[in-house]
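Subject: Structure handover and notes

Dear colleague,

I am passing on the structure we spoke about, together with some notes on what came out of going through it. Please look at the sequence and the coordinates first, and then read on.

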Amino acid sequence: FSFIGVRHLLNGLCSNTVVKSLDLKGNNLRALGAEALGKLLRQNKSIRSLTLEWNSLGIWEEGFSLFCQGLGGNRFLQWLDLRNNQINHQGAGELAMALKCNSSLQELDLRWNNIGLLGGRALLSCLHSNKTLRRLELAGNNVPSDILKAVEQALDHNQDRQTILAENHSRTRVLSKEVFSLKEEKAKQFLDLMDTIDKQREEITRSSRTSAARVGQLQEALNERQSVMNSLKAKLQMTEAALALSEQKVHNLGELLSATKQEQASMTECQLKELRQQNRKLLIGKQSFSRTYLLPMRKTCF
C-alpha cells in the first residue's frame, strides 16, 4: 500500500463493523499513519487483531502518542503486534499510560524494539492497574531479567485472574441459564395461576350473577308474600273490627232482649193482676147477682 492508500483505508475502517483482523505489516505508516491508527482505534468497534510490525512507528513521537491515546480509549482490540517499530523508553511510557486505561487488550507483542530499563519499569508499573493483559512479549529490548521476571509474575497473576473470571463467568452463565429457566417456570406458573384466578373469577362472577338473580327472584317472591300478608292482615283487621262490631251489636241486642223480657214480664204481671182483678170483679158480680136474683127466685119456686 502507498501511504495515501493506507490513510484512506484507515479512515474508511473507522465506521466498519465487519472487519475483525487487520494486518498492516511493513507499510511505513509514518506520523500521519500513526495518527490515523489512533483515530481508527478510537472509533472502530469490530477489529480484534491488529498487526503493525515493521512500520517504525516509535520514531514519530507525536504520532505514536496519538496512536497510544487511541489505544487507551479502545474497548475492543484484543491482540496487538508492534514488533520492530523502534519504540524507545518514551514510547513504552506512552504505551504504559494507554494500558492503564485499556480494558480489552489481552496480548501485546513488543519484541525487537528499544524499550530498555526505563521502558520496562513503566510497563511493569502499568500492570498494577491493568488486569486484562495476559501476554506481553519483551524479548530483544534490553530489559533487565528481574523486570522481565516481575512482568511475567504480573501477567501470571492476570492470567489467573482471567481464568477465575472466566470460570466465574461460566458459572454465572450457567446460573443465569438456571435462573432464566426458573424465571420462565415461575412465569409459566404465574400465568397458569393468573389463568386459574381468571377462571375462578369468571366462575365467581357467574355464580354471583346466578345468586343475584336467585336473590332477586326470592326477593320478588318475598315481596309478593309480604303483600299478601299485608292484605290478609288488613282483612283480618277489618274482620276483627266487624267481629267487634257484631259482638257489640249482640251485646246491645242481648241488653235489648233482656229489657224486652223484663218489660214483657212486667206487662204480663200487670195483665195477670188486671185479669185477677177482673176475675174478682166478675166473681163479686156473680155473687151479687146470685144474691139479688137467684135466691129470691128459688124461694118463690118453693
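The notes below go from the chain as a whole to a few individual residues.

Please keep in mind throughout that this is a predicted model.

**The chain as a whole**

The protein chain has 6 helices and 5 strands, and from the N terminus these elements follow one another in the order α-β-α-β-α-β-α-β-α-β-α. Its radius of gyration is 68 Å, whereas the globule rule gives 19 Å for 302 residues, so the chain is more spread out than a compact globule. The extents of the C-alpha trace along the principal axes, about 220 × 45 × 30 Å, are given here for the protein chain as well. Of the 302 residues, 25% are buried, and the chain exposes about 20700 Å², of which carbon and sulfur atoms supply 56%. Where contacts with a separation of 6 or more are considered, residues 24 or more positions apart account for 84% of them.

**Asn44**

Asn44 sits in the loop that runs between α2 (30–43) and β2 (49–51). Is this residue buried or exposed? Its relative accessibility is 5%, and since buried means under 20%, Asn44 counts as buried. A polar atom of the Asn44 side chain lies 2.8 Å from the backbone nitrogen of Ser46, and the backbone nitrogen of Ile47 is likewise found 2.8 Å from a polar atom of that side chain. If neighbours within four places in sequence are set aside, the residues in contact with Asn44 are Leu13, Cys14, Asn16, Asn74 and Phe76.

**The loop between β2 and α3**

Two residues with positive phi may deserve a look when you check the backbone. Trp54, which belongs to the loop between β2 and α3 (61–73), has a phi near 60°, a positive value in a residue other than glycine. Ser56 is placed in the loop between β2 and α3, and its phi, near 55°, is again positive in a residue other than glycine.

**A nonpolar surface patch**

On the surface, Phe190, Leu191 and Met194 form a nonpolar patch whose accessible area comes to about 290 Å² together. Met194, one of the residues in this patch, lies in helix α6, which covers residues 145–301, and with a relative accessible area of 30% Met194 is partly exposed.

How values were computed
Residues numbered from 1 in each chain as written. Predicted model: local features only at pLDDT ≥ 70, side-chain atom pairs only at ≥ 80, totals over all residues. Heavy atoms only, no water. Helix = DSSP H or I, 4+ residues; strand = E, 2+ residues; numbered from the N terminus. Buried < 20%, exposed > 50% of the residue type's maximum accessible area, 1.4 Å probe, protein only. Polar contact = N/O pair within 3.5 Å; in protein donor to acceptor, adjacent residues only side chain to side chain. Contact = heavy atoms within 4.5 Å. Patch = residues over 30% accessible without salt bridge, like charges linked within 9 Å, V, L, I, M, F, W, Y side chains within 5 Å. Areas by Shrake-Rupley, 256 points an atom, 1.4 Å probe, with all protein chains shown as cover. Salt bridge = Lys/Arg side-chain N within 4 Å of Asp/Glu carboxyl O. Rg over C-alpha atoms; globule rule 2.2 N^0.38 Å.
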